[in-house]
Amino acid sequence: MSEIPSVPVSELPANFVGETTRVLLDVREPDEWANGHVPGALHIPLGDVPGRIDEIDMDADLYVICHAGGRSERVLGYLMQRGYEGVNVAGGMMSWAQTGRPMEYGSGAGGAIPDPGNSP
């Protein structure tokens, strides 16, 4: 398998709301997503990617993120075998949160609720 390219969170926009040429694909599980995600990200859990691959814009600049970078790297490898081009987000949501970048909370993609204040 070819090497998976990666990018640090500092090189990404603060959010992906309204993006038409870039997609941030979050492959974490629903409970992880609800505990904090990047505004405007596309949420497709790792196990759902094969069945929902058509939801991923093949022509967009694709960034894939998970908790720490392992799952997103595997998903990106899978997508690259199917003709997609993309980049793994180094350090995942751990790096995103550690750098203080904006996050939304809740299970909805568009109507996220404010941080309930009970994060670990």
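Mentor: A nonpolar core is a set of buried Ala, Val, Leu, Ile, Met, Phe, Trp, Tyr and Cys residues joined through side-chain atoms within 4.5 Å; buried means under 20% relative accessible area, exposed over 50% and partly exposed in between, with a 1.4 Å probe and protein chains only. The model is predicted, so local features need pLDDT of at least 70 and side-chain atom pairs count only at pLDDT 80 or more, while totals for chains, interfaces and linings use all residues. Residues are numbered from 1 along each chain as its sequence is written, and side-chain values use heavy atoms, leaving out hydrogens and water.

The largest nonpolar core has 16 residues, of which Leu25, Ile56, Leu62 and Leu79 touch the most other members. Strand 2, strand 4 and helix 3 (70-81) each give two or more residues to this core; helices (H or I, at least four residues) and strands (E, at least two) are DSSP runs numbered from the N terminus. Helix 3 gives the most, three residues. Another core lies apart from it, with 13 residues that include Leu12, Leu24, Tyr63 and Met93.

Strand 2 (residues 22-26) is largely enclosed by the rest of the structure, because four of its five residues are buried. Strands pair if DSSP finds at least two bridges between them. Strand 2 runs parallel to strand 4 (residues 61-65), joined by five bridges, and Val23 has Leu62 as its bridge partner there. Strand 2 also pairs with strand 3 (residues 42-43) in the parallel sense, over two bridges, and Leu25 stands opposite Leu42.
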